[in-house]
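Here are my notes on the model you sent over. Have it open while you read, and go through the points in order.

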Amino acid sequence: MNDTQWRRFEVFVQEKPGTPYLDVGSVHAPDAEMALLNARDVFARRPAAISMWVVPTTAIYSKTAQELNDLYFEQLQLDAQAEDAEPYYVFCKAKSAGTQTLLGTVEAISPAQAMQQAVAAFSGEKAPFAWWVFPVRYVTPNDPQDADSLYAPAHEKSFRMSTDFHTYTAMRSLKK
Amino acid sequence: MYGTTTGEIDETQEEQERLLAFEARIARGEKIEPGDWMPAEYRRQLIRMISQHAHSEIVGQLPEGAWITRAPSLRRKMILLAKVQDEAGHGQYLYHAAETLGVRREEMLEALLAGKAKYSNVFNYPTLTWADVGVIGYLVDFAAILNQTMLARCSYGPYARAMVRICAEENFHKKQGQDIVIRLAQGTPCQRAMVQDAINRWWQPTLMMFGPPDHDSPNTPILKRWGIKTKTNDELRQVFLDTIVPELHALGLTIPDPDLRYDEGSGHWLIGPIHWDEFWRVVRGEGPCNKERMAARIQAHEDGRWVRQALAAYAQKQTAA
């Protein structure tokens, strides 16, 4: 039975033009292309996306506020391996009940260094609850040309929406 | 330099401080995220609950899926297809939430297919008529929404976020079911009899969905203490009754319980005994459809094997190229 454990890909969705990408969950897939198709079926059955990214879960370097508190600065440095600097996306969960949200990018030679720079550059008045960083090159976005075929059909399927059923009105008139 | 005894005491003290800090975070209403420290028992309880919940969504496709080909109109067919597809999606959200706790999806799937995993008892009952599709949406999904709305506020971030997505979609499930029940209840005598029969059969299994009574629910106290549950089984069951009983009465339908009565003092609807002996029988695998459900699940897994193999082969070819 052991042919179901494909790689995990984290899925990020942009809901409207100009809004930041949000983490929505993950899918399993043998490759990024299939991960995007699975992500569309799992996370965009209703009008909820104009663009999607998938990122291998293993590429994401994650630290909660608690983990950062527990670490000494030097410990974070330890796993830094010198490579050429490259851009990293920075996500954080700013509210306790929130989700990972794109803040911007930093240039770094390692995930740990990217994390340090992210914390230095993007910490606001209130420290976020958790941070994610990953190299930009690990992102597979859907082809913008496919966006219509991926996301437009959901808009025509109003029968998937609870607002399409007027049961409250029906029950109110019955109870009178 | 340090004796073993001192080390052990330090460790226990540190553990104790960790636990106090963890419980203080929960008391502040903070969500626990993967990577944060958590007691082993918190992790164990969550894996148990989330995987059972995921299995229930997956097996839950079967009773209603049986009516897709027999839906009375194209519109009803599209609605039912969308609903069953949602259940598959919910199963995926939940397997992935469980994975953030360190368990693998494969382990969970294997446990389900090997018959070792539990899923909601309610899916081990047959769907005999079209009215069953309405009653499942209306009663079973409403019961699920009450439980899931509570869990959407739970202390574990990934579970809470999965629940928020699920609740929004379950609302569609409930309303499409309620819509069917309203139509049938206002229909011909034959349609009314059909929907009444469905309620008679689904009433007890739906009440059992909230789980055993509080005095017989050993996990509840720790789940409440750690903010996983905020209401007990009996509390949620009462919310269900106080909403659903007046609605069914307004529809001119009856509830198969001679002891049902409204208690003026408390403002609650009170019911007669729930058939817990039947509940435990179904849990043990002796329900009307346990074997059929598992057989269908295993068949679906086997039937999908060539698709999985093809996808894996394609991915491998792409990497090699």
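1. Start with the interface: chain B and chain A bury about 4400 Å² between them, and 55% of it is on carbon and sulfur atoms. Buried area here is the accessible area (1.4 Å probe) that two parts lose on being put together, summed over both.

2. A word on ground rules. This is a predicted model, where local features need pLDDT of at least 70 and side-chain atom pairs count only at pLDDT 80 or more, while totals for chains, interfaces and linings use all residues. Residues are numbered from 1 along each chain as its sequence is written, chains are lettered from A and ligands numbered from 1 in the order in which they are written, and side-chain values use heavy atoms, with hydrogens and water left out.

3. Who takes part? Chain B puts 51 residues into the contact and chain A puts in 42 residues, with contact meaning heavy atoms within 4.5 Å.

4. On to charges. The rule finds nine salt bridges across the interface of chain B and chain A; a salt bridge is a side-chain nitrogen of Lys or Arg within 4 Å of a carboxyl oxygen of Asp or Glu. Take a look at Lys93(A) and Glu33(B), which form a salt bridge with their closest N and O atoms 2.5 Å apart.

5. Which element of chain B gives the largest share of the side that touches chain A? That is helix 4 of chain B, with 12 residues. Other elements giving two or more residues include helix 1 (4-27) and helix 7 (157-185) of chain B. Helices (H or I, at least four residues) and strands (E, at least two) are DSSP runs, numbered from the N terminus.

6. By class, this side of chain B has 17 nonpolar, 13 polar and 21 charged residues. Ala, Val, Leu, Ile, Met, Phe, Trp, Tyr, Cys and Pro count as nonpolar, Asp, Glu, Lys and Arg as charged, and the others, Gly among them, as polar.

7. Now the packing within chain B. The axes of helix 4 and helix 5 of chain B come within 9 Å and cross at roughly 120°. Axes are lines fitted to C-alpha atoms, for helices over the stretch in contact, and angles run from 0 to 180 degrees between N-to-C directions. The two helices are therefore oblique to each other, since angles under 35 degrees count as roughly parallel, over 145 as roughly antiparallel, 65 to 115 as roughly perpendicular and the rest as oblique.

8. Last, Thr101(A), which sits in strand 6 (residues 101-108) of chain A. Beyond four places in sequence, Thr101(A) touches Pro20(A), Tyr21(A), Leu22(A), Val90(A), Phe91(A) and Cys92(A).
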